[in-house]
Amino acid sequence: MKKLLTGVAVAAVVLGSVQTAQAASVPIWIGIGSAAILAAGILGETSDIGDIHVGNGATDLPLSLTLGAGYYNILNDKGEPGHEDRDKDGAGIGRVELRFNEQFLRIRPFIGIEANTESATYFYGGGMLDVRFGPHFILSPNAAVGAYFNGDGRDMGSTVEFRTGVEAAWEFDNRMRIGAAFHHISNAGIGDVNPGVETLTLNFSIPLN
């Protein structure tokens, strides 16, 4: 319980700094994702509360192939004022992700690639934290970093882009998952411009072992 309370307190402190991050043009999802991962590391091995379980514990994790499809620029924010991509609308997006069957400090690593119908491509790797509500429903905050190539799509201002977000999924008895994920992708201000973009996808995770 002490570790749990400490983790919650640290998460609150980090989330409290989100306003400062926003003032520096750092997206709010980066603060939220960082808080979740930081709290996960502190929670350690004693973070179960009733039917809520942080991490997968003794549960055997499968090596999973995740396929996703959805909408790129779901918030239709039009990009930064004065930017060449200001008037571009959304696009379709597809994703292929490999989620490993190991976890470190309750963080499950993954690698992936996603591309949209405007030929923009993003290669990434990161980690996710499963928070289980009962035997089937899972909420998974996650964060990643990778290389973005805009093709004919939005110029994101930097090759290095960060992705943060959350997935809500239902896991079946055979370990297959179906869920929806919302993500924010941006360069956190390291590029000359930082238009950012949001995606919404429907994901299917298929166990490979």
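Predicted model: local features only at pLDDT ≥ 70, side-chain atom pairs only at ≥ 80, totals over all residues.
Let's start with the pairing: strand β8 (residues 137-149) and strand β9 (residues 160-171) run antiparallel and are joined by 11 bridges. Two strands are called paired here if DSSP finds at least two bridges between them. One spot to look at is Ser140, which stands opposite Glu167 in β9. Strand β9 also has a partner in strand β10 (residues 177-186), again antiparallel, with 10 bridges. Here Glu171 has Arg177 in β10 as its bridge partner.

The hairpin of β9 and β10 leaves 5 residues between the strands, and Arg175 takes a positive phi near 80 degrees there. Gly165 is part of strand β9. With 4% relative accessibility, Gly165 counts as buried; buried means under 20% relative accessible area, exposed over 50%, and partly exposed in between, using a 1.4 Å probe and protein chains only. Gly165 and Ala181 are 16 residues apart in sequence, and their C-alpha atoms are 7.3 Å apart in space.

Residues are numbered from 1 along each chain as its sequence is written, and side-chain values use heavy atoms, with hydrogens and water left out.

The mean pLDDT of the protein chain is 79, and 69% of its residues reach 70 or more. Over residues 1-26 the pLDDT is below 50, and this stretch has 25 contacts in the model beyond near neighbours in sequence. For reference, pLDDT is the predictor's confidence in each residue, from 0 to 100, and a contact means heavy atoms within 4.5 Å.

## The chain as a whole

The protein chain has 3 helices and 11 strands, laid out along the sequence as α-α-α-β-β-β-β-β-β-β-β-β-β-β. Both kinds of element are DSSP runs numbered from the N terminus: helices are H or I with at least four residues, strands are E with at least two.

Of the chain's 209 residues, 43% count as buried. Take the contacts between residues at least 6 apart in sequence, and 60% of them join residues at least 24 apart. The accessible surface is about 9900 Å², and carbon and sulfur atoms own 65% of it; such areas come from the Shrake-Rupley method with a 1.4 Å probe, and for residues only the protein chains shown count as cover.

## Aromatic rings

The structure holds 4 aromatic pairs. Rings of Phe, Tyr and Trp (its six-membered ring) pair if their centres lie within 6.5 Å, and planes under 30 degrees apart count as stacked, over 60 as edge-to-face and the rest as tilted. The ring centres of Phe110 and Tyr124 are 6.1 Å apart with planes at 70 degrees, so this pair is edge-to-face. Phe110 sits in strand β5 (residues 108-116) and Tyr124 in strand β6 (residues 121-128), so the pair ties together parts 14 residues apart in sequence. Both Phe110 and Tyr124 are buried.

Phe123 and Phe149 make another edge-to-face pair, at 6.2 Å centre to centre and 75 degrees between the planes. This one links Phe123 in strand β6 with Phe149 in strand β8, 26 residues apart. Phe123 is partly exposed at 42% relative accessible area, and Phe149 is partly exposed at 43%.

Back at Tyr124, this residue forms one aromatic cluster with Phe110 and Tyr122. The charged end of Arg163 sits over the ring of Tyr124, 4.3 Å from its centre; that label needs NZ of Lys or CZ of Arg within 6 Å of the ring centre and within 35 degrees of the ring normal.
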